[in-house]
Amino acid sequence: MTSDNRKKLKGTFQKCRATKSSAHLYQPLTEIPEPPDYFGEVARLEWNTLFTEMIPLGVLEVVDLPQLRSYCFYVELIEQCARTVSESKTYTVVITNKGGHSYSVPHPCVQMINSATLIVSRIASKFGLNPHARLKVLFQKPDAVENDPFLMAINRNSNKS
């Protein structure tokens with residue numbers, strides 16, 4: 001999608017600022033790429049689900065692949081850590097120091113889950129994978145605006161202000 005099209009959808013397009021070249025800078029994805037070999041079952045499932053849903057929207061490009069790989073990797077990491085904590089049936093572990101004193105600390109996987117969740121949330125918001133960010137992505141789909149009278153009216157009203 002060209003920057004002019006994005007501006008039209010956002011209602012910020014001005015003819016005097018139109019770009020001279022409408023050439024697309026990046027290669028859009030039209031089919032699901034193969035997931036990396038190091039992905040486990042959970043990451044592969046997330047990869048296929050993600051691309052099955054997102055490719056028809058026309059918002060993914062080849063340059064997005066590294067972030068999407070990270071997203072799927074961390075989704076699997078969260079799942080593995082959650083499984084480990086669940087199997088241990090405790091959120092803490094007991095550590096004994098050199099002096100022989102034992103004390104309880106949070107399970108290391110809990111911290112990994114927290115860190116991975118922050119990364120997943122950050123990436124998800126960039127690609128419209130949460131309800132708030134999804135609205136931004138859906139309003140950038142050109143066919144939806146051109147064929148939907150409601151969306152066209154919204155854009156007309158935003159051009160007036």
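This dialogue goes through several features of the predicted model above and how each can be read.

User: What should I keep in mind about the model and its numbering?

Analyst: The model is predicted, so to speak of local features a pLDDT of at least 70 is needed, side-chain atom pairs count only at pLDDT 80 or more, and totals for chains, interfaces and linings use all residues. Residues are numbered from 1 along each chain as its sequence is written, and side-chain values use heavy atoms, with hydrogens and water left out.

User: Which residues of helix α2 are buried, and which are exposed on the face turned away from them?

Analyst: Helices (H or I, at least four residues) and strands (E, at least two) are DSSP runs numbered from the N terminus, and a residue is buried under 20% relative accessible area, exposed over 50% and partly exposed in between, with a 1.4 Å probe and protein chains only. An α-helix has 3.6 residues a turn, so residues three or four places apart point the same way. In α2, the buried residues are A43, W47, L50, F51 and M54. They cover an arc of only 90° around the axis, which puts them on the same side of α2; the arc is that of the directions from the helix axis to the C-beta atoms. The face turned away from this buried side carries the exposed residues E41, L45 and E53, while the buried residues of α2 pack against α3, where contact means heavy atoms within 4.5 Å.

User: What span should helix α4 have, and which of its residues are buried?

Analyst: The buried residues of α4 are C109, I113, A116, V120, I123 and A124. They cover an arc of only 100° around the axis, which puts them on the same side of α4. The buried residues of α4 pack against α3, and the face turned away from the buried side of α4 carries the exposed residues L118, R122 and K126.

User: Where does a positive phi occur at a residue that is not a glycine?

Analyst: Most residues other than glycine have a negative phi. Here K89 has a positive phi of about 55° although it is not a glycine; K89 lies in the loop between α3 (65–88) and β1 (92–96) and is exposed, with a relative accessible area of 75%. Among the glycines, G128 follows α4 and has a positive phi near 75°.

User: How many bridges join β1 to β2?

Analyst: Two strands pair if DSSP finds at least two bridges between them. Five bridges join β1 to β2 (residues 102–106), and the two strands run antiparallel, with T92 opposite P106 in β2. Five residues lie between the strands of this hairpin, where G100 takes a positive phi near 90°.

User: Which aromatic residues form a cluster through ring pairs?

Analyst: Rings of Phe, Tyr and Trp (its six-membered ring) pair if their centres lie within 6.5 Å; planes under 30 degrees apart count as stacked, over 60 as edge-to-face and the rest as tilted. By this rule there are four aromatic pairs. One of them is Y38 with F39, edge-to-face at 5.3 Å centre to centre and 90° between the planes. W47 and F51 have ring centres 4.5 Å apart and planes at 55°, so this pair is tilted. Ring pairs link Y38, F39, W47 and F51 into a cluster.
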